Amino acid sequence: MQITRLPIESHEEVYRVEDPDAGLLGFIAIHSTRLGPAAGGLRMRIYDGEAAAVEDVLRLSRGMTFKNAAADLPLGGGKAVILGDPARQKTPALLQAMGRAIETLQGRYWTAEDMGMSTADMSILAGQTRFVAGLAGGAHGSGDPSPVTARGVFNAIGTALRHRFGTAELAGRVVAVQGLGSVGRHLGALLHGAGARLVVADTDPARVAAAVSGWGAQACPVERIHAAPADVFAPCAIGAVLNAGTVPDLRCAVVAGAANNQLATAADGAALHGRGIIYAPDFVANGGGIINVAAEILRRPDRDAWVAAKLARLDATLDAILTRAARERVGPNEVAERVVAERMASRAA
Ligand code: NAD
């Protein structure tokens with residue numbers, strides 16, 4: 001196996017990992033360890049070349065620094081990617097090789113599930129490295145983080161509604177959910193349980209059909225869900241859904257969802273603010289999953305109580321961000337970035 005360090009100044013450490021015998025080509029990026037060991041998931045997907053994979057791992061690992069700091073975790077930001085089709089190219093040998101590469105970093109980077117990875121894959125990695133979380137079993141195994149992510153997004157929706165309408169009450173509110181995958185379907189169930197009416201879209205018609213029959217949701221074409229008349233738009237599928245093409249079409253009062261990197265550019269955050277739409281910054285709203293993973297990394301003996309307390313603190317952080325954004329008359333995304341920078345500066349001293 002060849003592990004080559006890449007000279008990239010914006011990040012503490014970046015490695016190219018190659019093991020031709022195992023069919024592995026990937027990258028590991030440690031953006032920051034100022035607040036603790038870098039933590040962030042392992043993603044496997046088809047990339048349009050190595051440069052695209054490097055760009056992804058750098059962007060995602062930086063995002064993890066923000067997410068972990070916003071969630072008030074003693075963890076820095078890191079991420080790893082593998083180039084390839086998980087459906088056809090993910091083998092035990094490939095995962096074991098990645099596990100060995102992660103082990104060489106001696107705990108400066110902790111991995112967990114991301115796109116293209118399952119809890120079963122994490123157990124294969126665990127055969128080669130101690131620095132893996134998101135395991136289904138074992139004394140501290142935290143399993144699938146999606147239900148906790150959904151709980152955090154549900155809280156964020158309530159907080160954003162309270163800022164907009166003076167009440168977090170969901171009964172009678174309309175929420176447009178984009179994506180009914182691991183997080184979206186848990187979120188939909190929570191919203192339905194709280195009395196919200198749902199409008200849903202997914203590229204998988206079976207998931208839409210389940211939401212229509214289970215929750216009485218209204219189905220919406222995938223390309224129109226962002227423009228559905230609703231109190232809340234909850235992006236839970238893909239990134240960059242808030243862009244110059246979609247923001248003018250939004251017909252909601254609040255945007256709060258699980259997807260990473262929802263804003264195509266910072267200017268789109270300003271455009272949302274200009275339209276009077278309250279945006280719950282994604283790296284704050286979706287921090288529940290990493291909180292769940294962190295309980296495993298930190299070996300918390302009191303995991304349920306600790307996760308609940310961290311979720312409540314995350315919600316208080318969002319509340320403070322929205323209050324400050326309203327006072328300063330700027331978008332919450334801008335304030336959220338500043339809050340994270342302040343936290344890092346004060347705790348890394
Ligand atoms: P998932 O793959 O389980 O679900 C995504 C769903 O979106 C699938 O049902 C898919 O069919 C659907 N989809 C894909 N493209 C779509 C489109 N254009 N329009 C509508 N639906 C579309 O993923 P997930 O784990 O639920 O994560 C959803 C998002 O939240 C991702 O952006 C992920 O990075 C982010 N996120 C997830 C977690 C977690 O705990 N799983 C934590 C933080 C952030």
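**Notebook: accessibility, contacts and the ligand shell**

I began with Gly138, which is exposed at a relative accessible area of 67%. The classes I use are buried for under 20% relative accessible area, exposed for over 50%, and partly exposed in between, with a 1.4 Å probe and protein chains only. The model is predicted, and I therefore kept to its limits: local features need pLDDT of at least 70 and side-chain atom pairs count only at pLDDT 80 or more, whereas totals for chains, interfaces and linings use all residues. Residues are numbered from 1 along each chain as its sequence is written, and side-chain values use heavy atoms, with hydrogens and water left out.

**Entry 1**

I placed Gly138 in the loop between α4 and α5. Helices (H or I, at least four residues) and strands (E, at least two) are DSSP runs numbered from the N terminus.

For the domains I noted domain 1 as 2–61 + 76–126 and domain 2 as 146–287 + 315–344. These bounds come from an automatic or database domain assignment. Taken over C-alpha atoms, the centres of domain 1 and domain 2 are 29 Å apart.

**Entry 1. The ligand**

I counted as near any residue with a heavy atom within 4 Å of the molecule. The shell around the ligand has 22 residues, of which Thr149, Val183, Asp202, Arg207 and Asn260 come nearest. I recorded its make-up as 10 nonpolar, nine polar and three charged residues. In this division Ala, Val, Leu, Ile, Met, Phe, Trp, Tyr, Cys and Pro are nonpolar, Asp, Glu, Lys and Arg are charged, and the others, Gly among them, are polar. Helices α5 (146–165) and α6 (182–193) each supply at least two residues of the shell.

For a nitrogen atom of the ligand, I noted an N or O atom in the side chain of Ser146 at 3.3 Å. The protein buries 76% of the 830 Å² that the ligand exposes when taken alone. Accessible areas come from the Shrake-Rupley method with a 1.4 Å probe; for residues, only the protein chains shown count as cover.

In α7 (residues 205–215) I found Val208, Ala211 and Trp215 buried. They lie on the same side of α7, because they cover an arc of only 70° around the axis. The arc is that of the directions from the helix axis to the C-beta atoms. The face turned away from this buried side carries the exposed residues Pro205, Ala206 and Ser213.

I looked at α8 (residues 266–274) next, where Asp268, Gly269 and Leu272 are buried. Seen down the axis, the buried residues of α8 fall within an arc of 105°, so they line one face of the helix. Ala266, Ala267 and Gly274 are exposed on the other side of α8.

I located Ser61 in helix α1 (residues 50–70). Ser61 counts as buried because its relative accessibility is 0%, and its side chain makes a polar contact of 3.0 Å with that of His11.

Asp114 sits in the loop between β7 (109–110) and α4 (119–126). Its relative accessibility is 17%, so Asp114 counts as buried. I noted a polar contact of 3.0 Å between the side chains of Asp114 and Lys79.

**Entry 2. Positive phi values**

Which class does Gln106 fall in, buried or exposed? Gln106 is exposed, at a relative accessible area of 53%. Gln106 is not a glycine, yet its phi is positive, near 55°, and I placed the residue in the loop between α3 (92–104) and β7.

Ala240 also has a positive phi, of about 55°, although it is not a glycine. I found Ala240 in the loop between β11 (232–235) and β12 (254–255); at 35% relative accessibility, Ala240 counts as partly exposed.

**Entry 3. Ala341**

Last, I looked up Ala341, in helix α12 (residues 332–347). Ala341 counts as partly exposed because its relative accessibility is 43%. The C-alpha atoms of Ala341 and Phe66 are separated by 8.2 Å, although the two residues are 275 residues apart along the chain.

Key
A polar contact is a pair of N or O atoms within 3.5 Å; within protein, one must be able to donate a hydrogen and the other to accept it, and residues adjacent in sequence count only if both atoms are side-chain atoms.
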